Amino acid sequence: MSTCFTTPGLLSLAQAQQRIQHYLTPISDCQTLPLSHALGRVLAEPVKARWALPSHANSAMDGYAFASTDGAPGQPVQLRIAGHAWAGRPYQGSLQPGDCVRIFTGALLPKGLDTVVMQEQVTVSGEIIHIPPHWQAQDHVRQAGEDIVAGANLLPAGRRLSAADLALLAAAGISTVSVVRALRLALLATGDELLPVGATPQPGQIINSNSLYLQAALQQPHLEVNDLGIQKDDKQMLRRQVEQAAENCDVLITSGGASVGEADYLHSVFSALGEIGFWKLALKPGKPMLVAQLGHCLGFGLPGNPVSLAVTLRLLVQPALAVLSGQAWPEPFYVHAVCDQPYHKKPGREEYLRAVLSQPEPGRFQVRLAGAQGSHRLKPLSQANALIHLSRDSTGITPGATVAVLIDELSTHS
Ligand code: AMP
Ligand code: MG
């Protein structure tokens, strides 16, 4: 395949996003779940409504139901109250011309009646009500099927179920759904300097914060995450562990050791066990990212620097996981915002800067850098709620310039 590299040897993000799609075979196994356990799961097949919504015409207001033929629209009407219709307790009696029914929100519209007047607009004297002019036939009635007709498509395959989706399915008669089985992910941190969370580092040692970040960012019902802990920078041991993980999971995400240093073994281990999809991106942060097909498992070798890891996770791994679990590739959500700070950049690689997006007034977006941009700096990563995107050829930001900003769902606990 001929490839146009932005910087010699480096793939652009768009090229990497395109190339990765060749390695994404969505999971085909599915399982049936009750709706109560289906939040955040991906539908394996489309779902149709078993019945219409509303299933029958009912009242949208507390008021009085009447037949529009008992009056003339725009004229006052005088009617006799024949009985009550409550939500869940329909009116059972018969009706004569000139009768109305006291009705409450959600109550079935009695047979023969087609219009509701709000109680606030009516004058009541004993059994008689007086409806002022300005009413129209079918006012305040929810018609049968106006939301959904029976048999209509409710949701397509590939839909990740939201709270509102569950409510829609339940109301239309669905109680169980067929969903794609959860994607099995394994996490592996590599580095001689790493200690587990809670340990006290000696000089030169650091806490393995990446695995915790990955676990938290990937804590979603359609993903089943298994943390394999820390692996020393030992090529043989690393190879054994990657081989074993690749046999047992759909996706392996490693952190660290993906660059070209002497203790960076990921590339040679992934090459020995499978086919390299790409290595190294014209992206800052995130250059030394690696993707490989390891048998039936897709391997992501993410950079060890925490910010590079977060950015590559967001831009490449998360969308790939969406596709593997049966969803569409999610299109990124950018807004344009004014940045009042200067930032200097060298052309050659595109950059994603940790930033804080705000809305000083409705519709006007402003963005500032969340702090210094070193790829080891966790504080700005924690402060950021967005990423400013600077293109490959950009030379940075002049104060007052409008920049493209990617809203970062990872920091907003989606
Ligand atoms: P590497 O990609 O292995 O060259 O690591 C790049 C930087 O990221 C080094 O400063 C590492 O100490 C740091 N790093 C590597 N793995 C982790 C991890 N799991 N958690 C936090 N920092 C890490
Ligand atoms: Mg390392």
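His140 is partly exposed, with a relative accessible area of 26%, where partly exposed lies between buried (under 20%) and exposed (over 50%), for a 1.4 Å probe and protein chains only. His134 counts as exposed at 72% relative accessibility. His140 lies in the loop between S9 and S10, and His134 is found in the loop between strand S9 (128-131) and strand S10 (141-142); strands are DSSP runs (E) of at least two residues and helices runs (H or I) of at least four, numbered from the N terminus.

This is a predicted model, in which local features need pLDDT of at least 70 and side-chain atom pairs count only at pLDDT 80 or more, while totals for chains, interfaces and linings use all residues. Residues are numbered from 1 along each chain as its sequence is written, and side-chain values use heavy atoms, with hydrogens and water left out.

Most residues other than glycine have a negative phi, and most peptide bonds are trans. The backbone features below depart from that pattern.

| Item | Feature | Value |
|---|---|---|
| His134 | positive phi | near 85° |
| His140 | positive phi | about 55° |
| Leu53 to Pro54 | cis peptide bond, omega | near -15° |
| Lys284 to Pro285 | cis peptide bond, omega | near -5° |

Pro54 is found in the loop between strand S2 (47-48) and strand S3 (58-59), and Pro285 in the loop between strand S19 (283-284) and strand S20 (290-294).

For ligand 1, a polar side-chain atom of Asn208 lies 2.8 Å from a ligand nitrogen atom, a polar contact being a pair of N or O atoms within 3.5 Å. A polar backbone atom of Asn305 is 3.1 Å from an oxygen atom of ligand 1.

Definitions and conventions: Chains are lettered from A and ligands numbered from 1 in the order in which they are written. A polar contact is a pair of N or O atoms within 3.5 Å; within protein, one must be able to donate a hydrogen and the other to accept it, and residues adjacent in sequence count only if both atoms are side-chain atoms.
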